Amino acid sequence: MTIVLAGGSGFLGGALHDHFTAAGHTVRTLTRHPRRGVATDVHWHPDGHAGPWADTLADADVVINLAGAGISDKRWTESRKETLRTSRLQPTRSLARGLAAAPPRPRTFVSGSAIGYYGPHGDEAVTEEFAPGHDFLARLCLEWEGEAIAAVSPDTAVAIIRTGIVLHPEGGALKTMLLPFRMGVGGPMGSGRQFMSWIHLHDWVRLVAWLATSAPSGTSTVWNATAPSPVTNARFSKALGRAVHRPAIVPVPGVALNVLLGEFATFLLAGARVLPAAAERAGFTFEFPTLDGALDDLL
């Protein structure tokens, strides 16, 4: 199978690239900075249009889009929010237009999104059928998904992946959290009552790979990439402290998060209890359905 991967140099993209390569598939990576001597790296400049790179899509079986600046990498200023928006919408629009010009079309287009689509929901169980929220992240996800859905055709299915907090000690939120917890100064954020919808990196990779080979042609589907047992932030903090053999009793005040992260802190402090209802209905099984099991494996 030939796979074209946009956003393959990041935390999630790198793991997915390694998985497909180890399975014997050919992976071509669309990147702004091709590595010298790496024939499978293809230079692209996603500006909302198809370019010469679009020829790479013509004989691909699957195209996977993970392009976008990190949501939590920097404080949300107005400039940063615009970067978050353009770094997602322009590459996705470029890929949709490239797919329209690719004969024959790839059978599956898997495109990233986030559980921020739903906005805050307290302890209410949220599934793929829920409407979008009204904050910046929800509106961004709605626009982002709209660009991807434009790629649907009788030959190409689109699978939207709304990803939660992906756990691995070498990247993402867990890597950031480990240092203070290992120093014994970790603890819940704000009240700790907000839900964290997480997934082990291994299960996230398995879910995306499963969709890449299983999505029916000519349709658009949405999938929550979260484990079936989301937990409160207080419960997560306690489990992480136990996993690293340290107390987890030092809370992070909400006001401090607002200073550090800006508007993004609002989402962290509200949270959402997001369930992978579509994946479970379709028969996907999680190897790490519980937080304790995931942390035991990772740490």
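In which helix is Arg93 found? Arg93 belongs to helix 2, residues 78–100, where helices (H or I, at least four residues) and strands (E, at least two) are DSSP runs numbered from the N terminus. The model is predicted, so that local features need pLDDT of at least 70 and side-chain atom pairs count only at pLDDT 80 or more, whereas totals for chains, interfaces and linings use all residues. Residues are numbered from 1 along each chain as its sequence is written, and side-chain values use heavy atoms, with hydrogens and water left out.

Arg93 has a relative accessible area of 26% and is therefore partly exposed; buried means under 20%, exposed over 50%, and partly exposed in between (1.4 Å probe, protein chains only). Leaving aside neighbours within four places in sequence, Arg93 is in contact (heavy atoms within 4.5 Å) with Gly48 and Glu147. The C-alpha atoms of Arg93 and Gly48 are separated by 5.0 Å, although the two residues are 45 apart along the chain.

The largest nonpolar core comprises 27 residues. Such a core is a set of buried Ala, Val, Leu, Ile, Met, Phe, Trp, Tyr and Cys residues joined through side-chain atoms within 4.5 Å. The residues with the most contacts inside this largest core are Leu16, Phe20, Ile64, Ile161, Trp204 and Trp223. Two or more core residues are given by each of strand 1 (2–6), helix 1 (11–22), strand 4 (62–65), strand 7 (157–163), helix 5 (201–214), strand 11 (220–225) and helix 9 (277–281). Helix 5 supplies the largest share, 8 residues. In soluble globular proteins, nonpolar side chains tend to be buried together. Beyond four places in sequence, Ile161 touches Val110, Ser111, Gly112, Ser113, Ala114, Trp204, Leu211, Trp223 and Ala225. A second, separate core of 23 residues includes Ala114, Phe136, Leu140 and Phe264.

Helix 5 has 14 residues and reaches 20 Å from its first C-alpha to its last. This span is close to the 20 Å expected at 1.5 Å a residue, the expected value being 1.5 Å times one less than the number of residues. Helix 5 is mostly covered, with 10 of its 14 residues buried. The buried residues are Leu201, Asp203, Trp204, Val205, Arg206, Leu207, Val208, Ala209, Leu211 and Ala212.

Two of these residues, Asp203 and Arg206, form a salt bridge at 2.8 Å, N to O; a salt bridge is a side-chain nitrogen of Lys or Arg within 4 Å of a carboxyl oxygen of Asp or Glu. Asp203 counts as buried because its relative accessibility is 0%. Asp203 and Arg206 are 3 residues apart in helix 5 and therefore separated by about one helical turn. An α-helix has 3.6 residues a turn, so residues three or four places apart point the same way. Arg206 also forms a salt bridge with Glu287, the closest N and O atoms being 3.4 Å apart. This pair links distant parts of the chain, since Glu287 is in the loop between helix 9 and helix 10 (291–298), 81 residues from Arg206 in helix 5. Glu287 is partly exposed, with a relative accessible area of 47%. Salt bridges that share partners also join Glu78, Lys81 and Glu263 into one network.

The structure holds 13 salt bridges. One of them is formed by Arg281 and Glu129, whose closest N and O atoms are 3.3 Å apart. Arg281 lies in helix 9 and Glu129 in the loop between strand 6 (125–126) and helix 3 (136–149), so the pair ties together parts that are 152 residues apart in sequence. Both Arg281 and Glu129 are exposed.

Pro169 is found in the loop between strand 8 (165–167) and helix 4, and is partly exposed, with a relative accessible area of 24%. Apart from its neighbours within four places in sequence, Pro169 is in contact with Leu174, Lys175, Leu178, Leu298 and Leu299. The C-alpha atoms of Pro169 and Leu299 are separated by 7.4 Å, while the residues are 130 apart along the chain.

His245, in the loop between helix 6 (233–243) and helix 7 (254–261), has a positive phi of about 60 degrees although it is not a glycine. His245 is exposed, with a relative accessible area of 67%.
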